[in-house]
Amino acid sequence: LETTVGGIPLPSCVYNASGPRTGASTALAKIAASKAGAVLTKSATIEKQTGNPQPRVWHSDDDIASMNSEGLPNSGIDYYLSKTTIDETMEGCTTTKPYLVSISGKTLADNLEMLDRIAKQINDGEKRIAGVELNLACPNVIGKPIIAYDFDQMRDILDTIAKKKYTFVLGLKLPPYLDSKHLQEAASIINEYSDMVRYVVCINTIGNALSIDPISEMPYISANNGLAGLSGPAAKFTALANVRQMRQQLKSEIDVIGVGGIQSGEDAFLFLLCGASAVQVGTCHWIEGPKCFDRIVDELQQILQKKGYSSASDCIGKL
Ligand code: DHB
């Protein structure tokens, strides 16, 4: 199940999504010790923050749908870049797997500041930071539009970052596009920066969703008037369509990573067929815990074997 993401080798094509169980080294270490192919941190802001008030997460009784409006609780960028955090995270890891950092600044200036700190940390000798996932898709910052839905803003950000000529591997986390023409426009902007953007991750949660408790007659989630990002199996079909179309629209040198409702090896297989070079698991990791990685990897391996595929790359894009 080996693969590469933006040129980074991964021992398996299944790893964690940024978000649940990724905020602290204790949780990240469990991912590192599993069959997950990489370890990706919670999206960092410059300063640590506690996020929105509880309840900020909801799972439907049948686990088909989950919603969250966490408001980016995280330990701050310096925590995720520190040698101690990376040591603690990678301690029990028996294979060579990349440590990837997700960032989600509140402003362009914050994102640039965090990218500068990452570049500095790598220059200072911290070679274990293999790449950066820049989140252009957070739906839960109150009063802020999703960056990647505002194409002028998106171009502006990519243009500014391109001028910095960073040498680390950069990926973009994208929101779901619900209209093919919007997706094509996003892809054409990203294609202009194919020297810099090595991969995209599709999709973040489907924003602007609402779950309501019929007993209390209130939204389940307290922040943001109950409005939250939708994830879990309910998001899978939108995710598959976004991965498929991004693969068709993006230049071939930009990898696509699939995420959205994956909870089995079969789900992962469908994303590979759509052209994903790797897949991330978010909500299922939240609910099942880090043992989901071993299970999904084993299931995927069995499916490929049964179908006569000798590697993940043999089935990528075969839909
Ligand atoms: C949060 C949710 C997201 O979907 C995201 O991309 C970043 C942060 C959150 O609410 O914490």
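This note goes through the helix packing, the ligand site and some backbone features of a predicted model.

1. Ground rules. The model is predicted, so local features need pLDDT of at least 70, side-chain atom pairs count only at pLDDT 80 or more, and totals for chains, interfaces and linings use all residues. Residues are numbered from 1 along each chain as its sequence is written, and side-chain values use heavy atoms, with hydrogens and water left out.

2. Helix 1 and helix 3. Start with helix 1 (residues 25–32) and helix 3 (residues 83–90). Helices here are DSSP runs of H or I with at least four residues, strands are runs of E with at least two, and both are numbered from the N terminus. The two axes lie 7 Å apart, at an angle of about 40°. Axes are lines fitted to C-alpha atoms, for helices over the stretch in contact; angles run from 0 to 180 degrees between N-to-C directions. Helix 1 and helix 3 are therefore oblique to each other. Angles under 35 degrees count as roughly parallel, over 145 as roughly antiparallel, 65 to 115 as roughly perpendicular, and the rest as oblique. Their crossing is right-handed: the near helix is turned clockwise from the far one by less than a right angle.

3. Who touches whom there? On the helix 1 side, Ser25, Leu28, Ala29 and Ala32 make the contact. Thr85, Glu88, Thr89 and Met90 meet them from helix 3. Contact means heavy atoms within 4.5 Å. By class, this contact has 4 nonpolar, 3 polar and 1 charged residues. Ala, Val, Leu, Ile, Met, Phe, Trp, Tyr, Cys and Pro count as nonpolar; Asp, Glu, Lys and Arg count as charged; the others, Gly among them, are polar.

4. Helix 4 and helix 5. Helix 4 (residues 108–123) packs on helix 5 at about 30°, with the axes 11 Å apart. That makes helix 4 roughly parallel to helix 5. The crossing is right-handed. Leu108, Leu112, Leu115 and Asp116 of helix 4 meet Asp156, Ile157, Thr160, Ile161 and Lys164 of helix 5. The contact divides into 5 nonpolar, 1 polar and 3 charged residues.

5. Helix 6 and helix 7. Which residues of helix 7 does helix 6 meet? They are Asn242, Gln245, Met246 and Gln249. The axes of helix 6 (residues 180–191) and helix 7 (residues 236–249) come within 9 Å and cross at roughly 45°. Helix 6 and helix 7 are therefore oblique. The contact has 4 nonpolar, 6 polar and no charged residues.

6. Ligand site. The ligand is surrounded by 13 residues, counted when a heavy atom lies within 4 Å. The closest are Gly71, Leu72, Asn135, Asn140 and Asn204. Polar contacts are pairs of N or O atoms within 3.5 Å. A backbone N or O atom of Gly71 is 2.7 Å from a ligand oxygen. The side chain of Asn135 has an N or O atom 2.8 Å from a ligand oxygen. For a polar side-chain atom of Lys42, the distance to a ligand oxygen is 3.1 Å.

7. Backbone features to check. Most residues other than glycine have a negative phi, and most peptide bonds are trans. The bond from Gln54 to Pro55 is cis, with omega near -5°. Pro55 sits in the loop between strand 4 and strand 5. Cys202 and Ile203 are also joined by a cis bond, with omega about 15°. Lys165 has a positive phi of about 50°, in the loop between helix 5 and strand 9.

Terms used: A polar contact is a pair of N or O atoms within 3.5 Å; within protein, one must be able to donate a hydrogen and the other to accept it, and residues adjacent in sequence count only if both atoms are side-chain atoms.
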